[in-house]
Amino acid sequence: MNTQQPDPPIPPVVTDQAAEHEAAKQRILELAEAERIPVEETTRVRGRRGRS
């Protein structure tokens with residue numbers, strides 16, 4: 001016998017908030033990727049400082 005009740009429906013406000021949260025997370029990740037400095041560039045600069 002299965003006496004479990006089905007899960008209640010998720011209110012639209014909760015799903016809207018989850019969608020907004022995911023969209024904000026994607027925007028932040030895109031900004032971080034755009035501002036990221038490749039490792040090769042940071043290593044090259046560090047090497048120049050050590051030679052002077």
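**Surface and salt bridges of a helical chain**

The accessible surface of the protein chain amounts to about 5400 Å², and 57% of this belongs to carbon and sulfur atoms. The model is a predicted one, and the secondary structure of its protein chain consists of 2 helices and 0 strands. The protein chain has 52 residues, of which 0% count as buried.

Against this background, the reader may turn to the contacts between charged side chains, for the structure holds 2 salt bridges. One of them joins the side chains of K25 and E22, where the distance from N to O is 3.6 Å. Both K25 and E22 belong to helix α1, which covers residues 12–35, and the two lie 3 residues apart, or about one turn of the helix. K25 has a relative accessible area of 39% and is therefore partly exposed, because that class lies between the 20% under which a residue is buried and the 50% over which a residue is exposed. E22, with a relative accessibility of 37%, likewise counts as partly exposed.

The side chains of E33 and R36 also meet in a salt bridge, here with a distance of 3.3 Å from N to O. How accessible is E33 in this pair? The relative accessible area of E33 is 48%, so that E33 is partly exposed, and R36, at a relative accessibility of 48%, counts as partly exposed as well.

Taken together, the model shows a chain of 2 helices and 0 strands in which 0% of the residues count as buried, and in which salt bridges link K25 with E22 and E33 with R36.

Definitions and conventions:
Residues numbered from 1 in each chain as written. Predicted model: local features only at pLDDT ≥ 70, side-chain atom pairs only at ≥ 80, totals over all residues. Heavy atoms only, no water. Salt bridge = Lys/Arg side-chain N within 4 Å of Asp/Glu carboxyl O. Helix = DSSP H or I, 4+ residues; strand = E, 2+ residues; numbered from the N terminus. Buried < 20%, exposed > 50% of the residue type's maximum accessible area, 1.4 Å probe, protein only. Areas by Shrake-Rupley, 256 points an atom, 1.4 Å probe, with all protein chains shown as cover.
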